[in-house]
Structures are given as structure tokens and as C-alpha cells.
Amino acid sequence: MDLSIVVVTWNGKKFVDENFGSILADLHGLSAEVIAVDNASTDGTAEMIAERYPGVELIRSPTNLGFAKGNNLAIRKTQGKYVCLVNPDVRILTGCFRTLLNYLEQNPKVGVAGPKTFNADGSLQKSCMRPPSVWNAWCRALALDRTPLRHLPLFGGLLMADFDHQKLREVDVLNGAFLMVRREAMDEVGLIDERFFMYGDDLDWCVRFGKAGWPLVFYPGAEIVHYGGGSSSRAPVYFYVEMHRANLQYFQKHHSWLAQKGFLAGLLLHDTIRYIGFSVLSLLGPRWRERVGSKAQRSMACIQWVLRSKEQTLDASAPRTSGVAPTS
């Protein structure tokens, strides 16, 4: 079998239908399997997959396993020479799978490949990253990656503002919305670290591939649309804090204690500056309060979390209490 597609779903039913439709349409003529793990969705996502896509192997988890554990559950069942992780809020554009398969077949030393990614409005979405570092955290805090300096690699920041995403390039990290992985490389590197619950797992996994000598390549000849926020849009404050919690977990795994403190200091500065700015803008009237109110809330939630984060742990079994909670 050439290819195994893995999709982990958690609600977001409206995205999932389009996701599976585009996946199956683009697999025409390929030897492939599709495995879905539903993390105890409550909006009928699993039922919709079972009814509309009977060719998809559906695993229903009675609890929310998280993204990493859900993917690993499916990966262990795959048989393809290549394994492709696809987020449920992704639409596959024509020829994506075959194009990346052909590239990986012709370049046997490449471990992971990722496509060019577009937003829903057709604009380019940056899908290549540098590994998190204290320097990148402070570039973001001071908005150096938004100034003319961003065109220089030193100031391009985590999201590589210095890269136009128009040419093939070896990178450190590819966005986990779509990763096509060579099984040989995965067998050497291992599965996703399940201590990362819903964010940070792709950063960690990509860095591990690179350290093991398996290059990651951005390949713009293949294309997808990534809507983003398919599940997290229902509780943006909660998921914003969880994203930064995962970044701290990454620092705990790959960096020193001092670097962890440097990251937290940069994050505190980042959200303090933005909270003050959003608060000032909200004074301009109801229209501005509507536009920036939720952003001010998430910055304050992050500030509170950082100030309470003295005893953070990488242990996935530790309580995940951020002071905010997802809403239904």
C-alpha cells in the first residue's frame, strides 16, 4: 500500500465533511487507506463520517485522547509506505497526494514533506517554522517580525516571515495541519510524544526528525486549504493559553531551565503589551470593543497563567487548569 491517511476529529462537523470528501477525491488511482479517530465528538461528527464515508475506517474513542494520542492510535493501524497526517479543517486540492508521493519516491533521504497552504480566502498561509527559541519569543514580543527587519532571517521569527513560501526548501518545522511522513523515518524516530495534548506535538516531532538526520521539505507543488480553528474557534481564550502551555512543554523537553524562564518572560512581555494596547483601543467605542475585546481577554488569561506557571510540568497526566475552560 502506498499511502495511509490519518485524521483525528473532535467536533467541527462542518469542516470534517468537506475534509473527507476532498481526501477521497484526491486518492483516486492510489493504493491508500483512510483511518479516522473521533475524540468523543458531541456534534454528530462520528455519525456523519460513518454514514457518508463508509470506506473510512472509523475508531470512536469514548474520551478525548488529544491530538497526539489519537494520531498514534491510528498510526499503529496503518500499513502504507507513507503516512499522512491531515487536520480535519483541511481541504485537499487536486493532485496534492500524488505530487508529494512522487517527490518522496524520487528523494529517498527526505523524511517528511509538506504542501503550500492557503487560507480560506485564498491568501497564503505560512506553514514553515523555526523551532521555538528565546530569541524568537522576544522577536514576537517586540513585534520585530512585523517590521522591515522581518525580511532578514535573524528577525524572521518563529513563522519565518523572511521566507515567501514560493520555492522548495528544507525547513526545521512543517505545520502539523498536513504532514506526509516516510514510514522508514518514522520507524527510526518513533511516534508522536503523547505528553503534548493538542499543541506542540508537531513542533517536537519535526525537530526529532531533523535531529535524526531525516530532512523536512516544504514542497510548493502540492497545495491545500487550511481553514484553521475548526475546533478552537469555539473557545479561543482557552485554546490560546493551551497553545502557550504546549510551547512551554517544548522548552522543558528541549531547552535549559534558563531558556524556559526566558521564554516565559518574552511571553509575559508579549501579552502585557498587547493587553494594554487592546484595552486602549476598547476605549474608542463599542465597535472597537467588539473587535478587540476577546483578544484582550486571551492576553489577560495568558498573563495570569504565566504568573502562576512556576511549577509547570511536562507530565501529561498533570492537571490542565489554565483558569479558563472550553465552552460548548
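Helix α3 (67–75) is largely enclosed by the rest of the structure, because seven of its nine residues are buried, meaning under 20% relative accessible area, with exposed meaning over 50% and partly exposed in between (1.4 Å probe, protein chains only). This is a predicted model, in which local features need pLDDT of at least 70 and side-chain atom pairs count only at pLDDT 80 or more, while totals for chains, interfaces and linings use all residues. Residues are numbered from 1 along each chain as its sequence is written, and side-chain values use heavy atoms, with hydrogens and water left out.

- The buried residues of α3 are F67, A68, G70, N71, N72, A74 and I75.
- The cover over these buried residues includes strands β1 (3–9), β2 (32–39) and β4, together with helices α6 (183–189) and α7.
- Helices (H or I, at least four residues) and strands (E, at least two) are DSSP runs, numbered from the N terminus.

- K81 sits in the loop that joins α3 to β4 (82–86).
- With a relative accessibility of 44%, K81 counts as partly exposed.
- Beyond its neighbours within four places in sequence, K81 is in contact (heavy atoms within 4.5 Å) with M1, D2, E105, V181, R182 and R183.
- K81 and E184 are 103 residues apart along the chain, yet 7.9 Å separates their C-alpha atoms.

**The cavities**

- Rolling a probe the size of a water molecule over the atoms shows where empty space is left.
- A cavity here is a set of points, on a 1 Å grid over the protein atoms alone, where a 1.4 Å probe fits but cannot get out; lining residues have an atom within 4 Å of a point.
- Grid points are joined across faces, edges and corners, and a volume is the space filled by probe spheres set on the points.
- The structure has two cavities of 30 Å³ or more.
- The largest cavity holds about 60 Å³ of space, and its lining includes P115, T117, F178 and H226.
- Strands β6 (112–118) and β12 (216–226) are the elements that give two or more residues to that lining.

**Two residues with positive phi**

- N11 is not a glycine, but has a positive phi of about 60°.
- N11 lies in the loop between β1 and α1 (13–26), and counts as buried at 6% relative accessibility.
- H165, also a residue other than glycine, has a positive phi near 60°.
- The loop between α5 (134–141) and β9 (169–171) holds H165, which is buried with a relative accessible area of 0%.

**The protein as a whole**

- The protein has 10 helices and 12 strands.
- Of its 328 residues, 52% count as buried.
- The C-alpha trace spans about 55 × 40 × 40 Å along its principal axes.
- Among contacts with a separation of 6 or more, 78% come from residues 24 or more positions apart.

Definitions and conventions
On a 1 Å grid over the protein atoms alone, a cavity is a set of points where a 1.4 Å probe fits but cannot get out, and a pocket is an open set with protein on both sides within 12 Å along at least five of seven lines; lining residues have an atom within 4 Å of a point.
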